[in-house]
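Subject: Structure handover

Hello,

Here is the structure I promised to pass on. My notes follow below it.

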Amino acid sequence: QVQLVESGGGLVQAGGSLRLSCAASGRTQSSLFMGWFRQAPGKEREFVATITLIGSNTNYADSVKGRFTISRDSAKNTVYLQMNSLKPEDTAVYYCASRSLGATGYEYWGQGTQVTVSS
């Protein structure tokens, strides 16, 4: 089991920045990918960014490329999502998730943190 706890959400004006954190505990050594997803009201959950825990390779949704940066601190078992130039359409609940080697999808999810961007 892996436990994930997100923090750092809040209310920010358009053009502002926030940094989300995801602290992992438990069997973290089995995780290969860590990702951020988001779900806006009335919409399906969507992929935002992912990072590999070996090599720190990253991947981003087109909608956030150039504005968001995913990173990790292996010593703290924490993954971050730096969000700059925020837009009202970035408003959503942001979830952290982990995926093990060989898994077909993300297995463990955090409880989510709300990000609200006002215009």
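From the N terminus on, the elements run β-β-β-β-β-β-β-β-β-β-β. That makes eleven strands and zero helices. Both kinds of element are DSSP runs, numbered from the N terminus: helices are H or I with at least four residues, strands are E with at least two.

A word on the source. This is a predicted model, in which local features need pLDDT of at least 70, side-chain atom pairs count only at pLDDT 80 or more, and totals for chains, interfaces and linings use all residues. Residues are numbered from 1 along each chain as its sequence is written, and side-chain values use heavy atoms, with hydrogens and water left out.

Overall shape

Along the principal axes, the C-alpha atoms fill a box of roughly 40 × 25 × 25 Å.

Of the 119 residues, 42% count as buried. Buried means under 20% relative accessible area, exposed means over 50%, and partly exposed lies in between (1.4 Å probe, protein chains only). Take contacts between residues at least 6 apart in sequence: 53% of these join residues at least 24 apart. A contact means heavy atoms within 4.5 Å.

The chain has 11 positive and 8 negative side chains. Lys and Arg count as positive, Asp and Glu as negative; His and the chain ends are not counted. The centres of the two sets lie 5 Å apart, with each charge placed at NZ of Lys, CZ of Arg, CG of Asp or CD of Glu.

The aromatic cluster

The structure holds four aromatic pairs. Rings of Phe, Tyr and Trp (its six-membered ring) pair if their centres lie within 6.5 Å; planes under 30 degrees apart count as stacked, over 60 as edge-to-face and the rest as tilted. Ring pairs link Phe 37, Phe 47, Tyr 106 and Trp 109 into a cluster.

Start with Phe 37. It is buried, at 11% relative accessible area. Its ring and that of Trp 109 have centres 4.9 Å apart and planes at 55 degrees, so this pair is tilted. Phe 37 lies in strand 4 and Trp 109 in strand 10, so the pair ties together parts 72 residues apart in sequence. Trp 109 itself is partly exposed, at 29%.

Phe 37 and Tyr 106 also pair, edge-to-face: 5.0 Å centre to centre, 75 degrees between the planes. This pair links distant parts of the chain, 69 residues apart. Tyr 106 sits in the loop between strand 9 (92-100) and strand 10 (108-109).

Leu 53 lies in the loop between strand 5 (46-52) and strand 6 (58-60). It is partly exposed, at 23% relative accessibility. Leaving aside residues up to four places away in sequence, Leu 53 touches Ser 31, Leu 32, Met 34 and Arg 72. Leu 53 and Leu 32 are 21 residues apart in sequence, yet 5.3 Å apart in space, C-alpha to C-alpha.

Asn 77 is in the loop between strand 7 (68-73) and strand 8 (78-83). It is not a glycine, but has a positive phi of about 50 degrees. Ser 85, in the loop between strand 8 and strand 9, has a positive phi near 50 degrees. Asn 77 is partly exposed at 35%, and Ser 85 is partly exposed at 42%.

Best wishes
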